[in-house]
Amino acid sequence: MNDMTPIAKVQTTLKDWETDQEVRWCPGCGDYAILKAVQRTLPELGADPAKTVFISGIGCSSRFPYYVESYGFHTIHGRAPAFATGLKLANPELDVWLVTGDGDGMSIGGNHTMHVLRRNLNTQILLFNNEIYGLTKGQYSPTSRLGTVSPTTPLGSVDRPATPCAFALGAGGRFIARAYDVSKELPAVLKAAHAHQGAAFVEIFQNCIVYNKDVFADFTEKAGAAMGQLWLKHGEPMLFNKGTKGIALDTETLALKVVDVEDGDWQAAGVRVHDVKNRALAHLLVEMPFGPFPMALGVIYDDPRPTFEAAVIEERARASAGKTANLAKLLSKGQTWTVD
Amino acid sequence: MATVLESEPEGHTGGSDNAPAPEAVVVRFAGDSGDGMQLTGGQFTLSTALAGNDLATFPDFPAEIRAPQGTLFGVSAFQINFGSTEIDTAGDAPDVLVAMNPAALKTNVGALKPGGLIIADTGEFNKRNLEKAKYDVSPLEDGSLEKWQVLAFDISALTLEAVKPFGLGNKEALRCKNMWTLGLALWMFDRDRQPLIDWLKGKFAKAPILADANIAALNAGHAYGETAELAGPLKQYHLAPVDSEPGLYRTVTGAEAVSYGLVAGAQLAGLDLFFGGYPITPASAILHNLARLKEFGVTTFQAEDEIAAIAAAIGASFGGQLGVTSSSGPGIALKGEAMGLAIMTELPLVIVNSQRGGPSTGLPTKTEQSDLYQAVYGRNGDAPMPVIAARSPSDAFECAIEACRLAVQYMTPVMLLTDGYIANAAEPWKVPDPNGFEPFPVTFLEEPNGPDGAVLPYARDAKGARPWIKPGTPGLMHRIGGIEKNPGTGNIDYAPASHQAMTNARKDKIDGIAAGIPAQEVTLGEAGGRLALVGWGSTYGPIHQAVRRARRKGHDVSHIHVRHIWPLPENLGELLKSYDQVIVPEMNTGQFKTVLRDQYLVDAKPLNKTSGQPFTIAEIEAAIAAALA
């Protein structure tokens, strides 16, 4: 159901996507790695800088458009999805990327995140999740874990965190993926998101080295990576820890469970094969708690359906069929009278 | 009725054999929310227009969709003033009140002229309804209505009788009451029933039995008038058509005129129109209207909230379409931050504010002009934005075009103010020729505009406007946003000199609009004199009529009505200073008065009303008399 004319591929290099602007994130910020991954991916996609638009809200992540040599719009807090919606409806040929954070996209802009997913606007939504407000100096965010100590929660936060991927899936998202800032797999995830026709939601764990340092280290650092990362591949068994462990379904409780895999015989252990079109499985994976389980990474769900802008265009064409845009005629329509 | 009309100060002209005809008559239909009073009023308006009378209407309905039946707060009313002379307002006091139940009588009879005619449906004056309307005894029987003429009869029973052949249930049959009443009203003013019969056939095309029943009720009401005339106080009047400019006419509401004006404005700019909206009373009708005009290159988007609606419109403007959003006071408040972004990024945008009573939810269905401060000043930072106000439903068409012109020529958001009265009220409109307006085609930047192929998104033209660059244009990639920027390059720049320069540039650009708008004219009267009444928006009608009457009596008073609220016309200050006194009638506590005092140091005096009802002519006449005493 690909509804748009594919954008002609253009040859570029990473350099072509760099602006002359000084990057102003803190030294060591995870955003640098994400920026590079994006700038490395865009040439591989054959993306055209003139037809590419980065739209952001407010926050550290939202400075992103200034650093990508394309069209860019740094808007207001939380509302980037709405700006993107107007832009895509005005010109569906543009390749629009949304850059947001856990505060911007899940808190002040949660409403718009929900609706852009529900409507299925053809755009890539990159939500940088560092579980903290960085630009306002370290207050806890809607994704901060219970007990997070911050200037506004000196005794620890008491409200439960939101799970962005579960939120996105619940809002009707048709593409849900996860990665982290310095992961080598990030470009592949971005490419899959770009290939998806519709709203593609990518949560990227990002290390805020100033206010929430190493909050994801348990699975991003080498020591915990094998046990902590479950990289999902469509059609392949859900294995981790070098193939010695896998994810199976407990059919009694309809819950996932970790099983041991001996001698690579994952079938015998009951390990499930990942299916990106299985929405029920996606629900289980986005809710899978880290700790007892590894972190589900990669493309969790990918099952496209027609986009919002295609439906709007189709409806406009249907409504206009056989009609002419004659304003004079429109104004004199209905019951009129003539004065001589 | 004759006594009513003799008290009419405008005198008598024209007429039929039956009675001397007045120049103008005010009729108010009042009933329960479910009685179809707005529909009755709307159809009576159409028949009045087709008869060639000038008219003005005032729909007045509760915020509740279906308030409990028979209650005082559930009364819905529709007033129309029509005549063979120029009509500027919906009229001060009705000559005729049609009261469909006790609550409608109670809430409206106080407005009726002494000697005016009450037509009441006795079928609804039962114990239960009288209690709900808080009457101890029926006012039809206790003599409390003696200063008026009362024509009370069982409209309910007569309607049931008329529609009996169609076998409708009691409830459905009684729904035809409004058509019976309309039939009687059409007889009273000697109107043709055929257009209404055609309309009913169209409306009930899928249920012909309902069409037939309604037509039967209409005819029965009409026939009742003929019969009753022989026996009683009911008289028939014929009002001669108004002397209007030749041409094709229709009726138009402000919401319709704004919608058409926006389409026209986009066409004159050579752009597609993007409308982002969120339902809110009384602004929703614009979204409804535009949703049906897709063949005009219109995209309508019902957003998830007010903020998303304006954000999407700005996104569309960024993409090269004409972005428009619309709301009423509370929704406009929500859009404030995004307006600031449109000001900062210097993108065209039209914001229509159909004002209602405030603050907060206020009076959703009642009219007020209390968002002027919000329009002119209501944003964070130094955020200048042009503001235009429409004075009547038909004027809203031209104002919408003007808002589009300013938006694209100056690369700025523009606010168009209407109000609940303008949005809902209908008036005759000489259908304009859309080709008679000067086009203002937009040119997008296609080539780099700086030295050595540099792109300067914040370079400025003679008007101070920056270039409009559509994403998708090769070689012109750039970034815009809400952070302060370097003049010219638009790159992030918080340097003191840059913020000073950009603040000045934004202010100068908007101030400069004053040079490109028409000089303020005196709407009625002379430039200079003892007294000027300075109005804006929907107070036009009562001010104009009051000044006309005062001038007929020989008073030195003039009417000035301002369309461009911000920036103000260049000559306005001097003009105001040429009068001994300046009075500013407004449906707020004195907002435009404050702006005029601030801008010109003139001693503008307020005349304020915030009851949710338009000014009456008499209220303004009284203020004129007091000022000149």
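**Exercises on a two-domain chain**

In this predicted model, the C-alpha centres of domain 1 and domain 2 of chain A are 29 Å apart.

**Exercise 1.** State which residues make up domain 1 and domain 2 of chain A, and how many residues each gives to the contact.

*Solution.* Begin with the bounds: domain 1 of chain A covers 14-234 + 275-281 + 290-318, while domain 2 covers 237-273. Next, take contact as heavy atoms within 4.5 Å. Eleven residues of domain 1 of chain A and twelve residues of domain 2 of chain A then take part.

**Exercise 2.** Work out which elements and residue classes form the side of domain 1 of chain A that touches domain 2.

*Solution.* Two elements of chain A give two or more residues to this side: helix 8 (222-228) and strand 7 (229-232). Strand 7 of chain A gives the most, with three residues. Sorted by class, this side of domain 1 of chain A has eight nonpolar, two polar and one charged residues.

**Exercise 3.** Locate the catalytic domain that UniProt lists in chain B and give its helix and strand content.

*Solution.* The unreviewed UniProt entry lists "domain: Pyruvate/ketoisovalerate oxidoreductase catalytic" at residues 34-222 of chain B. Over residues 34-222, chain B is 41% helix and 16% strand. The end C-alpha atoms of this stretch of chain B are 22 Å apart.

Conventions. Residues are numbered from 1 along each chain as its sequence is written. Chains are lettered from A and ligands numbered from 1 in the order in which they are written. This is a predicted model: local features need pLDDT of at least 70, side-chain atom pairs count only at pLDDT 80 or more; totals for chains, interfaces and linings use all residues. Side-chain values use heavy atoms; hydrogens and water are left out. Domain bounds come from an automatic or database domain assignment. Helices (H or I, at least four residues) and strands (E, at least two) are DSSP runs, numbered from the N terminus. Ala, Val, Leu, Ile, Met, Phe, Trp, Tyr, Cys and Pro count as nonpolar, Asp, Glu, Lys and Arg as charged, and the others, Gly among them, as polar. UniProt positions are given in the numbering used here, feature names are shortened, and annotations may be inferred rather than shown by experiment.
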